[in-house]
Amino acid sequence: MIKIFKIARLELSILFYSPVAWLAIAIFMVQNGLGFFGMLGSYQEAIAMGNKIDNLTFSLFPDLNGLFDSVVQNLYLYIPLITMGLMSRELHSGSIKLLLSSPVKIREIVLGKYLSMVAYVAILILILCIYSGAGILIIKNADIKLICSGLIGIFLLACTYAAIGLFMSSLTSYQVVAAISTLAVLAALRFVGSVGQDIDFIRDLTYFLSISGRAEDMLKGLITTREIFYFIIIIGLFLSLCVIRMKNSRESNTLYKNISRYAFLIVIALFLGYVSSRPGNIGYLDMTRTKSRTLTTTSQEIAAQIDGPLEITTYVNLLDQNVYFGLPQSRNSDLAQFEKFRRFIPDIKMKYVYYYDVTDLKNNSNMTYQGDLTGLSVKQIAEKVADNMGLDLNLFMPPEKIRKIIDLSSENNTLVRILRYKGKESRLRFYNGVDQFPAEREIAAAIKQLVVPVPQVAFITGNQERSIRKTGERNYELMSSMKRSRTALINQGFDVIQLDLTKTEIPTGLSALILADPSQPIDPLVQQKIAAYCAAGGNMLITTEPGRGRVINPILQMFGVALLPGTLVQATKNDAPDLLFGQLTRSGRTIVMPGTGALKVDLTGNFMADTLIQSNKTGWITQGVVDVTKTDIAYQAQQGDKKGAFPMVLAIHRKLRDKDQLILISGDADFMSNAELANPRADNEFLVKNMFKWFSNDAFPINIVRKSPEDDHILLNRRQLSTLKGGLIGLFPALVILLGGVILIRRKNN
């Protein structure tokens, strides 16, 4: 061990007797300092302008263009310059022969030289520690553990680069060639992750070898044994390769024996990497303050209920526009979507089924192929798509075969996952928007459906109600049954059905019965069924519109509520007079009500009433026709207008046989329509989500709210930051250059 330290000290002295090491340190400080203080200045300006910015530690360090992100992007440029002369210098000068003939083991030589590089890397990390310390002092309640995690990741990555550089330096006597070769190997290790992606075993091996993104989890606060073992194995591999290379140069062996040594070592490394990256063998440590790299407590509790294998089958349609997400080439990124859940459910079995099929050749908006389909069969379309994408059509089952296995016509044959656990099934879909993958809330909801009774909500039909199957502006498809809407009830854990009560009975065990703005009188038989359902303690949501009193009041009177004649309006300069903005009484959130009637409460039985949203007292009920093109309306008492604050949304509730019954009544039906939710003007989606959360006794949608970040303020003013910036990227690098210059001059004079 003493010999290793002596070699390391000698190598460091040689390194710092050259200007390269000093210049690299100075440039490293200036380059990263400029980016760090540039980001700080931007956020300080944004905060000064009144913008709320939280999680500053993440934004300034591991986030895109943050300090750690910039370091990782540029680190590969520094290490080859430092390692290129480690062995090349000895080979070029011939001193390697003296080393090999000295009473020093080859292993000690390699480890000594590598230890010197670790020491140099530690100096670079120390510089980052200075910036990190500045960040801790500058940011209010900085997330120190997150910063430490990032520093560990960068240190391991740099040490890995150094091991690769040391080995490449042992292959040539030319230092420039060693540096270029190191860059080439690093590039190859970044690229190898994309090799053999259509073969499971090869994909696992090449994914292990890939160095691309290896430090990303640690930079963002998650330390895993998989990544730590990766760095250790790769470092050990290249150091061992270097030892073998030196031994082969001293010994006279056959080519077969030399190659066998290398091959055996690589096989051992791949085996260790494969074993250490298996889901059940990975340990995790979330270093973030808010535990943002771990499932929320709610999701963990759901995952804990899974006892045994959870099968997730992804059905991938070649003709679906989202086919790319399910192809073998995208397998690793697809599996990453379930990484957090694998930590708590190691026995997740991912399966993929490939097929081609369409449901409607006349409407191909969701298809991969967007050309003219006239005269083309499904197989001919599939052949075109497979040829364009360079895929083997034999990988995909034809329509007649997949239909015997499963009927996916209800999903329009789009990309869908089916979760199976102990005989129960649930579905995960891909959604519209920039991020189409299901997130923690949707995955947790799908898993929870497998272990608890699924809440069922039923929409009454037959009286011109709002439809949950149509896309028109007035309808409710977006919030209820649209499969590609992330927030739709069917994607948040609910079973949504339609009921024509003139033909069927109300099922027992409903979470809620919805009467969505009927515009025709309701059959007395249907009224009796609704009354019986409510008398038994069933929950209900009723929405209506101004002028529907004759239709809806026979139902509302069951609870002692009535829809008053007329429309609520308010004088405004910019909006239509019937466009009202109300405040939720509990949360203060704003809800827009585009055309609403007023509700009157005269409770019956043991019901109690809470006003969820109330109109402004400056508004009034008008009995006349509202001209939505005018804003200069006025209160007219002689025409029957009534001024005051009126309930727009009521919560009628009571305790009935140890059950909390909830009846929600809204004088406006448009607040959760397709038009309002697709182009939100307020927090209507929040209200919709919480209404059904109440109906399901808080079971769904899943609550994944985390603790809010506390690092939301910069403690220094602009002048203080400028002074600190001048010291760290001006004075400090100048002192490093000065110190290096003094040492180099003294050595030259000696």
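**Charged pairs**

Author: Glu 339 and Arg 226 are both buried, where buried means under 20% relative accessible area, exposed over 50%, and partly exposed in between (1.4 Å probe, protein chains only). This is a predicted model, in which local features need pLDDT of at least 70 and side-chain atom pairs count only at pLDDT 80 or more, while totals for chains, interfaces and linings use all residues. Residues are numbered from 1 along each chain as its sequence is written, and side-chain values use heavy atoms, with hydrogens and water left out.

Reader: How far apart are the closest N and O atoms of Glu 339 and Arg 226?

Author: They are 3.3 Å apart, and the two residues form a salt bridge, that is, a side-chain nitrogen of Lys or Arg within 4 Å of a carboxyl oxygen of Asp or Glu. Glu 339 sits in helix H17 (residues 339-344) and Arg 226 in helix H12 (residues 225-250), so the pair links distant parts of the chain, 113 residues apart, with helices (H or I, at least four residues) and strands (E, at least two) taken as DSSP runs numbered from the N terminus.

Reader: And what does Arg 417 pair with?

Author: Arg 417 forms a salt bridge with Asp 334, their closest N and O atoms being 2.5 Å apart. Because Arg 417 lies in strand E5 (residues 416-421) and Asp 334 in helix H16 (residues 331-335), this pair ties together parts that are 83 residues apart in sequence.

Reader: Is Lys 503 buried or exposed?

Author: Lys 503 counts as exposed, because its relative accessibility is 72%, and its side chain meets that of Asp 500 in a salt bridge (4.0 Å, N to O).

Reader: How many salt bridges are there?

Author: The count comes to 28 salt bridges.
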